[in-house]
Amino acid sequence: MNLAPLLLVLVFLVATVVLWLPIGVLLLGRRGWQWGAFTFAEKLQWVLSLYLVIPPVLWGLAEYLGLSFARSGFYGLRVDLTGGVQLLAGLGLGLLGLVVLFGGEVLLGWAQWKHPSVALGLIGSALGVGIGVGAVEELLFRGFMVQAFLPYGLWGAALLSSAIFALLHLIWEPAGTRCHALFQLPGLGLMGLVLVWAVILADGSLNLAWGLHAGWVWGMTVLDTAGALDYPGQTPAWVTGIGGKPLAGMLGLGFLGLTAATLWAVHWYVG
């Protein structure tokens, strides 16, 4: 087995941790050396501080090793008109999917809409978080990792990058909720595969997947922060999501499958 791709990803992970470690130590010290039970604001602070480190590490790695796949469009990110259209299309499809998913739950009586007042500031800041998180995670998982793992074949690369994507999401889960979080792993893995599918349909551009990812993060951040939905518990958790995690339920998995089918249908119609 060719171990070079795995070593390349390991080098990236070690370099990122080493560069980010002083920031992490500072943040941990500010909260009394206690890991877990993060508020949303604290979690956001940790995630954004880490994600600010990732792009320069990827750039430095590409320059140092002379990685040919990183030279064109920086791992697949496009900054032209076509890339902008793909980003907006993905953003719209991501939001529409959430409306269908949660709107369907409310119509069926499986969830209750609590009519919260959502400030424009929250909507704007959540959009910024979605755009930023979506860009970095697509650059890392569907850009760098997929291309690094291509010696294992396209779907081998898709599976490996999606598995790492799913597992790394457990880092931010408090110890007491990690059992519930484990039920998300199949959904997170499938989410990674759907986003790889979006990159394939966009001829290697990350922008469509970036928009999709940003739309999901945007919508979920607004809903979670505003506490917009309530689940009365009349529907089994394995349907709506174990531990309140949509991707840990059959509806969430179905939502991802429907998204993949919609991407294919739109691509077939436009193409």
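**Reading a helical model: contacts, burial and rings**

Visitor: Which residues does Ser 161 touch, not counting residues up to four places away in sequence?

Guide: Contact means heavy atoms within 4.5 Å. Ser 161 touches Phe 141, Met 145, Val 146, Phe 149 and Val 196, residues up to four places away in sequence being left aside. This is a predicted model, in which local features need pLDDT of at least 70 and side-chain atom pairs count only at pLDDT 80 or more, while totals for chains, interfaces and linings use all residues. Residues are numbered from 1 along each chain as its sequence is written, and side-chain values use heavy atoms, with hydrogens and water left out.

Visitor: Where does Ser 161 lie, and is Ser 161 buried or exposed?

Guide: Helices are DSSP runs (H or I, at least four residues), numbered from the N terminus. Ser 161 belongs to helix α6, residues 154–168. Buried means under 20% relative accessible area, exposed over 50%, and partly exposed in between (1.4 Å probe, protein chains only). Ser 161 has 0% relative accessibility and therefore counts as buried.

Visitor: What lies 2.9 Å from a polar atom of the side chain of Ser 161?

Guide: The backbone oxygen of Ala 157 lies at that distance. The side chain of Ser 161 also reaches the backbone oxygen of Ala 158, at 3.1 Å.

Visitor: How many aromatic pairs are there?

Guide: A pair of aromatic rings is described by the distance of the centres and the angle of the planes. Rings of Phe, Tyr and Trp (its six-membered ring) pair if their centres lie within 6.5 Å; planes under 30 degrees apart count as stacked, over 60 as edge-to-face and the rest as tilted. By this rule there are seven aromatic pairs. One of them joins Phe 12 and Phe 144 and is tilted, with 5.3 Å centre to centre and 50 degrees between the planes. Phe 12 lies in helix α1 (residues 4–30) and Phe 144 in helix α5 (residues 120–148), so this pair ties together parts 132 residues apart in sequence. Phe 12 counts as buried at 2% relative accessibility, and Phe 144 is buried at 0%.

Visitor: Why is the pair of Trp 264 and Trp 268 stacked?

Guide: The pair is stacked because the ring planes of Trp 264 and Trp 268 meet at 15 degrees, with the centres 6.4 Å apart. Both residues lie in helix α11 (residues 250–270), four residues apart, about one turn of the helix. Trp 264 is partly exposed, with a relative accessible area of 48%, whereas Trp 268 counts as exposed at 61%.

Terms used
Helix = DSSP H or I, 4+ residues; strand = E, 2+ residues; numbered from the N terminus. Polar contact = N/O pair within 3.5 Å; in protein donor to acceptor, adjacent residues only side chain to side chain.
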